[in-house]
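Student: I am new to this structure and would like to learn how to read it. Please take me through it feature by feature.

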Amino acid sequence: RPRPAEADGARCAPARTSWAACPTAQRLLRAQIQAAIPNIERLVIEERPFDAEDAADVVDPLARGARLSLEVVSRSFEGLRPLDRQRLVHAALQAELASGAMALSELKTLTPAQFCARESRRRISRFEQRLRAAVPEIEHLEIVDLTDGHAIAGFFDGSRRSLDPNGLELKITVVSAAFEGMTPLARQQWIQDEFDPEIRSGAIHALPHLKTWTPAQWRAKAGSQDKNALGCAKL
């Protein structure tokens, strides 16, 4: 019996690649997964290259199975263990996996909340790298994603308060000796200028609670908080 996705891929995949590179084959795979798992919000299928030694042993790339990386984001995964989520994907692709037409080198099954949290961490990491490259002598840097839907409301209510419904609200604290001798306004403008493209496009909706302190100010703030905590403990 022909392997469904592979058969279509063999007709249209170019030489030196596997059947999985064919758009028709990928559409079939997507349809199979979406039929088995409801409420999919994101589905990414990527072909992974074979190791050099494995590739050298294959004369016709179309004759070998494909190595794929899959990422599936679905509300249906909520409350399920990771292993049970992966079993749903394997069941949807049972024919291809059993025949050797494909192998999954990587499989990620996430809930929408998990996906958003991961993407938030990635964005924050990139922002941190940019600030550290732009501001010398950073002693402490903290970026917290406070996005709570304000950008969505401001985009769709016609007020133009938001340029992008996915705009971020970031709480940023930067502590650097480079702020010595600068006014608070000049310090904040420095940080805002670093994110000017994102602010203009709406990718960053707002920077509430932007704090730019010298090391001495930061230590004074920390000392004040310790004293307040000690006072509350005595009550």
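The dialogue below goes from the whole chain to single residues.

Tutor: This is a predicted model, in which local features need pLDDT of at least 70, side-chain atom pairs count only at pLDDT 80 or more, and totals for chains, interfaces and linings use all residues. Residues are numbered from 1 along each chain as its sequence is written, and side-chain values use heavy atoms, with hydrogens and water left out.

Student: How many helices and strands does the protein chain have?

Tutor: Helices (H or I, at least four residues) and strands (E, at least two) are DSSP runs, numbered from the N terminus. The protein chain has ten helices and seven strands. Of its 235 residues, 33% count as buried. Buried means under 20% relative accessible area, exposed over 50%, and partly exposed in between, with a 1.4 Å probe and protein chains only.

Student: What is the order of the strands in the open sheet?

Tutor: Strands of a sheet pair through backbone hydrogen bonds, either parallel or antiparallel. Two strands are counted as a pair if DSSP finds at least two bridges between them. Here three strands form an open sheet, ordered β1-β2-β3, with mixed pairing. Because β1 (40-47) and β3 (102-110) each have a single partner strand, they stand at the edges, and one side of each is left without a neighbour in the sheet. From one strand to the next, the twist averages 15 degrees.

Student: How many bridges join β2 to β3?

Tutor: Eight bridges join them, and β2 (residues 66-74) runs parallel to β3. Within this pair, Leu 68 stands opposite Leu 104 of β3.

Student: Which strands does helix α2 lie across?

Tutor: Axes are lines fitted to C-alpha atoms, for helices over the stretch in contact, and angles run from 0 to 180 degrees between N-to-C directions. Contact means heavy atoms within 4.5 Å. Helix α2 (residues 23-36) lies across β1, β2 and β3, at about 140 degrees to β1. Helix α4 (residues 82-92) lies across β2 and β3, at about 135 degrees to β3.

Student: Which residues of the largest nonpolar core touch the most other members?

Tutor: In soluble globular proteins, nonpolar side chains tend to be buried together. A nonpolar core is a set of buried Ala, Val, Leu, Ile, Met, Phe, Trp, Tyr and Cys residues joined through side-chain atoms within 4.5 Å. The largest one has 20 residues, and those touching the most other members are Trp 19, Leu 29, Ile 33, Leu 68, Leu 70, Val 89 and Leu 93. Two or more residues come from each of α2, β1, β2, α4 and β3. Strand β2 gives the largest share, four residues. Leaving aside neighbours within four places in sequence, the contacts of Leu 70 include Ile 33, Val 44, Val 89, Leu 93 and Leu 104. A second, separate core has 17 residues, among them Leu 131, Phe 179, Ile 204 and Leu 207.

Student: Which residues of α4 are buried?

Tutor: An α-helix has 3.6 residues a turn, so residues three or four places apart point the same way. In α4, the buried residues are Arg 85, Val 89 and Ala 92. These residues are on the same side of α4, because they cover an arc of only 60 degrees around the axis. The arc is that of the directions from the helix axis to the C-beta atoms. Their cover includes α2, β2, α5 (94-99), β3 and α6 (112-134).

Student: Which residues is Thr 173 in contact with?

Tutor: Leaving aside neighbours within four places in sequence, Thr 173 is in contact with His 140, Leu 141, Glu 142, Lys 211 and Trp 213. Thr 173 is in strand β5 (residues 168-176) and counts as buried at 7% relative accessibility. The C-alpha atoms of Thr 173 and Ile 143 are separated by 6.6 Å, while the two residues are 30 residues apart along the chain.
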